[in-house]
Amino acid sequence: MTTPNVLIVGAGPTGLINALTLLRNGISVRIIEKQDSFQLGTRGCGMQPRTIEMYKLLGILPDLLEVKTDPFPLVKFSSPQGDDEEGKVIPMVERIENTPSRPYNTGYMLMQERQEHLLRTRIEKDYGVTVELSTELSSFEEHEDHVIAHIIKHVPNAGEKTEETVKVDFLVGADGGRSTVRKQLGLPFLGDDSESLKEIGMVAGDIEALEGTLDQKVWRMWGDTTSNMLSLRPCAIPDKTHLNFFIGGADVNLEKVASNKEELVNAINAITGRDDIKIGKVLNLGIWRLNIRMTSSFGKGRVFIAGDAAHVHSPTGGQGMNSGVQDAINLGWKLALVSKNLSPPSILTSYTAERVPVIATMLSKTTELFHKTFQPASPEKMAEGWRRGYELRMFGVNYRKSGITLDEKYSYGADEAVDPYRSGDDGTVRAGDRAPDAPKLSPVGQTNATTYTTFLDLYNPAYHTILVFADPGRNREAIEIILETIQGLPSSKEIIKTIVVLPQTSSSANDASTSSADMVLFDTEGYAYKHYDVTGDSQQPTVFIVRPDGFIGGLVFGVEGIKKYFGLILKL
């Protein structure tokens, strides 16, 4: 077996996204999973709009669109349900029209089992890499320039095993809340250890509803946690009648309900007051307990953790899997540059520095939602808990005060607070923010004048995209110097794409000053200049440097700013 650059421990969404990000960058990986079969069931199924954009960035959005479903309306009933009760629709997720800046303004639903299958299929199809089941990490030793990992491969049902030692450049632990990697790193998993929190839980799983029992059009809920509550949500698998469920509340004996199918059916009938909900197979069943924890560091040296290995929390708000995706991509592009010897290893410290404030804020938000939903002081508070605020769509997640961002337009005082979840959505566009989209961009020189592209079509996890907002009619010399400077950066052709963005009013489409750019775009409708807050008559170019993870790394106005930004990223 060829020695990989990176060993990834854990084949959930976080590990698979990290693998795909690295592979897109030409970095070899090996993915191991200690379970002897792939995870079944719903688990994390809410996909936030920012995660959808990450899927597009990675080139897998078409795969997602084939299998996703839109969020279901939530209909709440009394417990037991009245004879003629039609239920009350709870406005959980507001449907917001897509905009030119945000073409995916409302999230999707996709059960984790299907999401993982999608990712595994794409990784195998594009790179021939498969997940190694029944393979676990037993220990590792870190050295200055490599990691030695000790692996055990089990033969299911045979009691046999083989041991293997592998040398890799880096090790990534995406191995869940009981992470072996985190424990061996000695990273404290700090959280709420109160006895009251330990008592909070629910029975959760997936069941098969027999045909004719319940349709697959709405998410149904009965009762509340002050006594007992049942949730039945469609799994949205074509030609299947599977439902994801959870049962909880002060009056529910969780151990009894989870003990067998008969007790589960009895609980469903008792809470709903109905006897017409017919259950077929119980696909999976277990007790979930609330656990709120995170580490203060997401890695040491050449070993890192991501997703649940670094943070666990309430499922309310649908942020967990989505946060793991952002962990994976943030770490992935940095590991790729260091693996190629283009960036110093010190850049990897920015992974912890950028992600920890975001995750700490996320834990606070999801915990607040959980208490409102499952420990409500009043019906009004419970209603608040089921409403999902706009910030949970994750457009405002930002790295404004990161040590590897550079902003020549905005500055911050030493004590000035930046909300890691909302500041990126305050109406300004700054270094560290999500890079907005813009449609109706016309490539100069194309033969078909009606063919357009968008920024989200062009951003890529394998390179920085430099947007030079300028008009050759006003900025000819400055454009030439900027493009010449970019060409002089290390491996610029491999890791940097330069796009000159011309304003609507420009008449200089074929000016020679732009000839060395990778692409020249006409902003035909003015969206690009509007969304990036640039005026078309500026006397100097405005340069946005978009990172491989779709965040703005630099907002500068000339060659010195470009050099300074890449001095933070590359070995110059």
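This is a predicted model: local features need pLDDT of at least 70, side-chain atom pairs count only at pLDDT 80 or more; totals for chains, interfaces and linings use all residues.
Trainee: Which strands does the open sheet have, and in what order?
Mentor: Six strands form that open sheet, and they come in the order E7-E2-E1-E11-E20-E19, with mixed pairing.

Trainee: And which strands stand at the edges?
Mentor: Strand E7 (131-132) and strand E19 (299-300) do, and each has a single partner strand, so one side of each is left without a neighbour in the sheet.

Trainee: What about E1 and E11, are they parallel or antiparallel?
Mentor: Strand E1, residues 6-9, pairs with strand E11, residues 170-173, in the parallel sense over four bridges, and within that pair you can find Ile8 opposite Val172.

Trainee: How many bridges join E9 to E10?
Mentor: Nine bridges join strand E9 (residues 147-155) to strand E10 (residues 160-168), and these two run antiparallel. Lys153 stands opposite Thr162 in E10.

Trainee: What lies between E9 and E10 in the hairpin?
Mentor: Four residues lie between them, and Asn157 in the turn has a positive phi of about 65 degrees.

Trainee: Switching to helices, what span should H9 have?
Mentor: Helix H9 has 20 residues (320-339), and at 1.5 Å a residue these should span 28 Å; because its end C-alpha atoms are 28 Å apart, the model agrees with that expectation. After H9 comes Asn341, which has a positive phi, near 65 degrees.

Trainee: Is H9 mostly covered or uncovered?
Mentor: H9 is mostly covered, since 19 of its 20 residues are buried.

Trainee: Which residues touch the most other members in the largest nonpolar core?
Mentor: That core has 129 residues, and Phe455, Leu467, Phe469 and Tyr532 touch the most other members. H9 gives the most to this core, with 10 residues. There is also a second, separate core of 22 residues, which includes Val75, Leu232, Phe245 and Leu264.

Trainee: What does Phe469 touch, leaving out residues up to four places away in sequence?
Mentor: With those left out, Phe469 touches a list of residues that includes Phe455, Val501, Tyr532, Pro541 and Phe544.

Trainee: Then what does Thr272 touch?
Mentor: Not counting residues up to four places away in sequence, Thr272 touches Pro80, Gln81, Trp222, Leu230 and Ile277.

Definitions and conventions: Residues are numbered from 1 along each chain as its sequence is written. Side-chain values use heavy atoms; hydrogens and water are left out. Two strands pair if DSSP finds at least two bridges between them. Contact means heavy atoms within 4.5 Å. The expected span of a helix is 1.5 Å times one less than its number of residues. Buried means under 20% relative accessible area, exposed over 50%, partly exposed in between (1.4 Å probe, protein chains only). A nonpolar core is a set of buried Ala, Val, Leu, Ile, Met, Phe, Trp, Tyr and Cys residues joined through side-chain atoms within 4.5 Å.
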